[in-house]
Amino acid sequence: MKRIGIAVTDPGDWTAIALNDALVKASARPVVFRLHDVTTSIKEHNRLYAGNTDLGSLDAVIVRDVGGAGGVGVSGSDVGSDVGIGGGSGSAGAGSDTGSSDGVGDAGSSDGVGDVGSGGSEDMPYRLDVLCNLERSGLKVVNPPEAIRTAANKHICSYLFREHGLPTPDTILTTNLDAALDAIRDWGRAVVKPIFGFKGMDIHCVVDDEHSVKLLSSVIDTRGVLYLQRFIPNPGRDIRVFVVDGGVPAAIYRLAPPGSWINNLSRGGSHKRCEVTGEIAGMAVEAAGAVGTVYAGVDLIEGEDGLQILEVNGTPSGRGIYEACGVNVAQDIVKCVLDMV
């Protein structure tokens, strides 16, 4: 019987439970552990363990989310973002659920449960190091830690999308206020958000006015750099596409609540089933591949010039997909991982 670890922030969140149940149904033995609880012993032999579980004895690890506190986080959430080392962000048009697990950021789990006992500034890098060391030891880790790290970084994702010839909103990163204002004047309207953000937090729509100058100056002072994207006029929704091993089991529309333009489910957004067209599936699969994920939540926006890619969530929740479509993506993820081992 294969022993498959499930790395979680909150063992009780919907997606963690769904992965556990899918493994049992597939006649595998799930081993749930929190990365926060992992101890690394570097003595005569390297050893990583959580409680009484020697992680090196597992056959594979599925990363539900990484969790974290502050700064570099990969938190996930069943209703919210992907990765808080960033993670999901609001869309450049209608916001995004980002998102974690929809997370590598700091936030908690999808059921609104925070990362109990999350530590300080070195806790998050340690968690990613644990995943890297497990992978280095020969263990199959899904998603790979480097893909989780990449997906959490909106700067790198935007760069990779363009490098792979994929449509994505025009973007500028700068520490220069004048350069940012020039871009806003050129675009007419822009979205400013954290490079490492989650759950649609700290996202603002800006225009060329005095209020925006003050806001951008504050962001430069607090975060050191501006990440700006052209605002994409849209129908008041975005699309979360779930990708697993090059396939698309389902997709949903995420609709902003009344009076808002941010679609994150964690910010009061709602969801409904989205028909998966060949264009939607192809674009999402290419975006997930560009980031290096095995499974992902890919966020698309419907602009006047067609679909554009907003971001890739490397630790996405499956809850919204299940509620809107009746599709349990945890089963797809488990099948994929068991086929690998």
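Which elements do the buried residues of α3 pack against? They pack against β6 (60-63), α2 (123-136), β7 (140-142), α4, α7 and β16 (306-313). Before going further, note that this is a predicted model, where local features need pLDDT of at least 70, side-chain atom pairs count only at pLDDT 80 or more, and totals for chains, interfaces and linings use all residues. Residues are numbered from 1 along each chain as its sequence is written, and side-chain values use heavy atoms, with hydrogens and water left out.

**The whole chain**
- The protein chain has 9 helices and 16 strands; these are DSSP runs numbered from the N terminus, with helices being H or I of at least four residues and strands E of at least two.
- Of the 341 residues in the protein chain, 56% are buried (buried is under 20% relative accessible area, exposed is over 50%, and partly exposed is in between, using a 1.4 Å probe and protein chains only).
- Take the contacts (heavy atoms within 4.5 Å) between residues at least 6 apart in sequence: 69% of them join residues at least 24 apart.

**How confident is the predictor?**
- Mean pLDDT (the predictor's confidence in each residue, from 0 to 100) is 85 for the protein chain, and 80% of its residues reach 70 or more.
- Residues 69-91 have pLDDT below 50, and this stretch has 198 contacts in the model beyond near neighbours in sequence.
- Another stretch to treat with care is residues 94-118, where pLDDT stays under 50 and the model has 191 contacts beyond four places in sequence.

**Helix α3**
- Helix α3 covers residues 145-152 and is mostly covered itself, with 6 of its 8 residues buried.
- Those buried residues are Pro145, Ala147, Ile148, Thr150, Ala151 and Ala152.

**Where α4 meets α7**
- Helix α4 (residues 154-163) packs on helix α7 (residues 278-291) at an angle of about 120°, with the axes 9 Å apart; axes are lines fitted to C-alpha atoms, for helices over the stretch in contact, and angles run from 0 to 180 degrees between N-to-C directions.
- On the α4 side, Cys157, Leu160 and Phe161 make the contact, and on the α7 side it's Ala287, Ala290 and Val291.

**Phenylalanine 196**
- Phenylalanine 196 sits in the loop between β9 (190-192) and β10 (204-206).
- With a relative accessible area of 35%, phenylalanine 196 is partly exposed.
- Phenylalanine 196 and alanine 151 are 45 residues apart in sequence, and 9.6 Å apart in space from C-alpha to C-alpha.
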